[in-house]
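How do the parts of a model meet?

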Amino acid sequence: MADVVLKTDALNKSFGALQASRDVSLDLRPGEIHALIGPNGAGKSTLIKQIAGNLTPDSGTVELLGREVTALDTVARARMGLGRTFQISALAMEYTVLQNAVLGALGGRGRVFHFFRNVMKDPELLERARDALERVGLTDDANRRTADLSHGQRRQLEVAVALTLKPRLFLMDEPMAGLGTAGSKALTGFLDGLRQEAPILLVEHDMDAVFALADRISVLVYGQIIATGTADEIRANAEVRRAYLGEEDAA
Amino acid sequence: MMLTRESLLNWAMIAALLIVPVAAWSLDEPFIITLATKAAILALAGVGLNIALGLGGLISLGHAAFFGIGGYAMGILAAHAQNYEPLFEWPFLFEGSNQMPLIWLVAVVFSALAALVIGALSLRTSGVYFIMITLAFGQMLYYFAISWSAYGGEDGLSIWVRNEFPGLNTLDPIQFFAIAYVILCLALAFAARLARSPFGLALAAARQNEDRVQAVGLTPFTLRLTAFVISGAITGLAGALFADLNRFVSPTMLSWHTSGEIMIFVILGGVGRLYGPVAGTALYILLEHLLGGISDYWQIFLGVLLLLIVLFARGGLIGALAGREKAHG
Amino acid sequence: MTYILVLEQILNGLQLGMMLFLMAAGLTLVFGVMGLINLAHGSLYMVGAFAAAAVAGWTGSFLLALTASLAAAAAAGALMELVVIRRLYRRDHLDQVLATFALILIFSEGTRWLFGSFPLFLDVPSYLSGPVSLPGGIQYPLYRLTIILIGLAVAAGLFLLIARTRIGIQIRAGEADREMIAALGVDISKLYTVVFALGAALAGLAGALVGAIQSVQVGMGEPVLILAFVVIVIGGIGSIKGALAGALLVGMTDTLGSVFLPQLFAVFMDPASAASAGASLASMLIYILMAAILLVRPSGLYGGSA
């Protein structure tokens with residue numbers, strides 16, 4: 001097994017005059033939760049998109065499980081074992097909760113070009129889907145239409161669909177957003193255990209969750225990582241306090 | 001499985017489409033049998049389009065291309081057969097054919113190939129580009145057929161005798177209807193299975209959320225291209241039958257009005273409803289027959305009706321009769 | 001093959017290109033500003049042609065006929081926008097396609113009902129008929145030359161309108177961000193009606209101008225509409241510059257292809273099959289051009305991301 005699961009090396013990405021990523025190098029190691037924080041507009045989404053394969057960096061490389069993937073698209077990276085949750089829920093809204101989970105299981109298993117068998121009666125897929133729903137606590141909602149779910153439930157379903165892929169690492173973009181205190185706490189507990197299964201690169205605004213969970217934290221400001229370290233190191237870092245907390249105070 | 005109102009309605013429609021011509025046959029009304037045959041064939045074209053449109057969300061305004069290719073497959077094979085002119089002599093001598101199964105096979109293969117090429121180009125884009133590009137490719141074939149003088153150019157191609165099917169007398173209206181009806185039922189059964197299959201689940205998911213499908217490691221382009229090819233092939237088969245019904249094929253089958261009409265069949269019935277094309281085609285033929293008898297300008301009424309459905313009754317006929325669509329599971 | 005023939009065909013291509021630009025400009029504006037695909041744009045072209053033919057028949061004045069085409073198409077466009085189109089801005093493209101297809105049925109059959117199925121004729125006025133001598137010894141029909149000039153004038157006018165005027169600023173703002181311009185206090189629904197009517201007027205003018213070369217009949221707008229689609233797909237949807245570039249490319253390709261491809265084929269084929277193969281290929285040439293451009297630039301020459 002590779003000693004780093006994910007590694008970015010000197011990523012640069014500009015949109016016109018705006019440099020959204022500046023020499024971004026970070027890595028994700030087995031068994032850890034690595035949180036990425038930073039004020040709004042710091043370039044977190046741009047970075048996530050380069051890691052997931054939606055955006056190609058102007059320069060720099062992305063490595064997944066020891067293999068360079070900079071030229072590969074999102075689909076190829078997902079197949080290599082990148083399980084992603086989106087900041088804005090990306091779910092099939094007309095489908096039931098279970099159908100969304102089965103879709104994930106189908107993607108995880110492959111062999112999608114079957115035209116005759118009933119996908120919702122495939123025991124292997126159903127087991128995988130139900131198992132994931134149970135783990136995030138959506139078992140009772142399996143037959144509801146996804147569009148009818150609450151915002152928080154959709155976040156849970158995002159995580160469940162990522163679980164069905166049995167990924168080698170997770171890339172989670174604000175999974176706590178809109179969950180409320182109780183939901184947030186439950187998900188924090190869940191992610192805490194999940195890191196043993198696969199490491200998590202976590203982008204999150206909920207600082208309680210970040211400081212409770214993260215083995216390491218990277219702080220992104222104006223496209224640049226200004227510090228990486230443990231929660232205590234980050235708390236003590238003067239530059240972080242100035243750049244990050246200073247801005248929070250001003251806002 | 002519990003019978004919902006929609007599935008009851010579906011059974012009623014498919015039964016009515018059988019009962020009406022059988023009754024007409026016993027009353028010796030061949031014209032009504034022909035109308036029912038036309039409805040079955042056009043519904044088949046709609047079932048084809050609906051796989052791309054309803055399931056895949058691909059707004060193709062170029063399905064006349066496949067309908068017309070199916071038509072010309074019939075026209076060319078049968079014309080060579082009736083004139084005893086070889087179609088090609090190498091690698092083996094082939095003098096065309098008047099056997100429906102072979103004609104259907106050729107129609108399906110060639111419309112699928114055309115769908116593969118057109119789809120591969122058009123699916124590089126999305127949204128309005130996709131609509132305009134499918135429209136443009138359809139029109140390209142239309143103009144090609146007009147300038148292709150070897151097979152009748154603008155005048156089209158007539159066949160003297162309807163093609164044959166082993167064991168049946170295809171000149172007998174009710175027997176030809178039976179052929180069209182059975183094929184329609186098979187296509188509906190296939191479309192129903194497809195919608196519930198792993199492929200159907202992924203395809204319809206790509207319509208709802210492309211990011212999600214990519215994030216689970218599936219490629220929307222491949223799913224859509226496959227759907228487009230299947231869709232084109234079924235519409236092409238309908239084209240071969242339609243040409244056989246009229247014993248005539250002309251560039252009109254390829255014109256963009258035909259694409260628009262096939263889409264209307266799907267919409268009048270209800271988008272994304274499995275039996276939408278059956279309901280829509282039946283309504284269309286009925287309107288054409290009834291209003292066409294009152295006024296030469298009946299398409300004004302069709303236009304107004306279509307406009308009202310689009311603006312105020314999204315579910316189409318099935319939506320009005322059976323209520324909102326359930327999340328199928 | 002003389003260079004005069006070549007120049008003449010280039011002028012013909014230019015003339016077709018200008019006509020297509022008049023059609024495509026409205027389509028691309030309406031898409032750029034309102035995000036709407038309008039299949040019934042060809043009906044407005046037809047309305048312009050019929051209005052011109054009717055007024056010319058009635059008054060004998062070609063200028064009045066052109067004015068009528070502008071007015072009738074603009075009025076039909078404004079009415080269409082007020083009654084139907086504005087309900088479609090928030091709908092998906094499928095609804096737009098279907099509703100505007102329904103409008104085509106209504107307009108076409110309505111016109112057939114009013115004017116009958118026989119084509120009308122619109123004559124080129126005497127002061128614009130006959131050939132004119134151009135530098136280089138080319139004799140070229142004055143009327144076609146006039147069409148080219150009108151097209152150029154409209155193109156220049158549109159660029160000025162969009163670059164320099166208040167409404168142009170609003171149009172550009174509307175393309176960028178609908179909420180923003182509404183927040184700035186621009187009456188957005190009025191702006192949409194005006195833009196739609198402007199596009200309609202240009203289509204109507206094109207219909208009237210072409211009506212004097214070809215016949216005026218129901219369905220005349222549809223082939224042009226599809227060419228205009230090819231134009232804006234090539235040029236990039238929403239871009240006036242792209243519409244102009246695409247229109248010239250399509251006009252030239254279509255005209256030169258249909259004249260010179262059969263001759264080119266005759267070099268290595270017998271004349272009869274060269275004529276037929278050349279004509280077949282020429283009829284597909286612009287679509288092949290479109291496919292080739294799409295392979296390289298899926299969102300057109302001047303298009304942003306689709």
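The report goes from the model itself to its domains and then to its chains.

## The model

This is a predicted model, in which local features need pLDDT of at least 70 and side-chain atom pairs count only at pLDDT 80 or more, while totals for chains, interfaces and linings use all residues. Residues are numbered from 1 along each chain as its sequence is written, and chains are lettered from A and ligands numbered from 1 in the order in which they are written.

## Two domains in chain A

Chain A splits into domain 1 (1-81 + 167-251) and domain 2 (92-165). These bounds come from an automatic or database domain assignment. The centres of the two domains, taken over C-alpha atoms, lie 26 Å apart.

In chain A, 9 residues of domain 1 are in contact with 8 residues of domain 2. Contact means that the C-beta atoms of two residues, placed from the backbone, lie within 7 Å. On the domain 1 side, helix H6 (residues 180-194) of chain A gives the largest share, 3 residues. Helices are DSSP runs (H or I, at least four residues), numbered from the N terminus. By class, this side of domain 1 has 6 nonpolar, 3 polar and no charged residues. Ala, Val, Leu, Ile, Met, Phe, Trp, Tyr, Cys and Pro count as nonpolar; Asp, Glu, Lys and Arg count as charged; the others, Gly among them, are polar.

## Where chain A meets chain B

Here 34 residues of chain A are in contact with 22 residues of chain B. Two elements of chain A give two or more residues to its side: helix H2 (74-80) and helix H3 (97-109). H3(A) gives the most, with 8 residues. The chain A side has 20 nonpolar, 9 polar and 5 charged residues.

## The other chains

Which chains make the most contacts among the 2 pairs that touch? They are chains B and C. Chain A and chain C do not touch, and their nearest C-alpha atoms are 14 Å apart.
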